Amino acid sequence: MNSKEEWARTRDRLVISLQTLGYPAGLGDMIAKHIGSPKGMERMISYLEQVRPDRIELIADEMVSIRSDIDRWREKKASEQANIAYNDLVNNNRIE
């Protein structure tokens with residue numbers, strides 16, 4: 001399965017989870033776009049199934065939290081790559 005298919009399949013599961021709680025499908029589409037990754041959407045699905053939030057504010061808070069975690073992880077990975085490149089330059093005497 002390619003990444004677009006995985007993304008669409010996970011979004012559909014997110015929409016169904018929200019509809020089961022009585023929320024409109026459009027909310028699921030918006031959350032999927034904001035979160036942006038299947039793993040993040042899986043986290044949201046787990047939250048919805050376990051917590052069964054009764055207010056949209058709770059769902060929005062969790063969505064923002066998940067997105068923040070994703071952004072933090074991406075920044076960490078970019079920093080690690082930059083550090084690896086810098087160390088390579090230093091260790092191979094490419095910086096004077």
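Visitor: Is glutamate 57 buried, exposed or partly exposed?

Guide: Keep in mind that this is a predicted model. Glutamate 57 comes out at 44%, so it counts as partly exposed.

Visitor: Which residue forms a salt bridge with glutamate 57?

Guide: For a salt bridge, you look for a side-chain nitrogen of Lys or Arg within 4 Å of a carboxyl oxygen of Asp or Glu. Here the partner is arginine 55, with the closest N and O atoms 3.6 Å apart. Arginine 55 is partly exposed too, at 45%.

Visitor: How many salt bridges are there by this rule?

Guide: The count comes to nine. One of them joins the side chains of glutamate 80 and lysine 76, at 3.6 Å from N to O.

Visitor: Why are glutamate 80 and lysine 76 separated by about one helical turn?

Guide: Because they're four residues apart in helix H4, which covers residues 56–91. As for accessibility, glutamate 80 has 30% and counts as partly exposed, and lysine 76, at 48%, is also partly exposed.

Visitor: Which residues do salt bridges with shared partners join into one network?

Guide: That would be Arg11, Asp12 and Asp29. Within it, the side chains of aspartate 12 and arginine 11 meet at 3.0 Å, N to O. Aspartate 12 is partly exposed at 37%, and arginine 11 is partly exposed at 23%.

Visitor: And lysine 4, is it buried or exposed?

Guide: Exposed counts as over 50%, and lysine 4 has 70% relative accessibility, so it's exposed. You'll find lysine 4 in helix H1, residues 3–20.

Definitions and conventions. Residues are numbered from 1 along each chain as its sequence is written. This is a predicted model: local features need pLDDT of at least 70, side-chain atom pairs count only at pLDDT 80 or more; totals for chains, interfaces and linings use all residues. Side-chain values use heavy atoms; hydrogens and water are left out. Helices (H or I, at least four residues) and strands (E, at least two) are DSSP runs, numbered from the N terminus. Buried means under 20% relative accessible area, exposed over 50%, partly exposed in between (1.4 Å probe, protein chains only).
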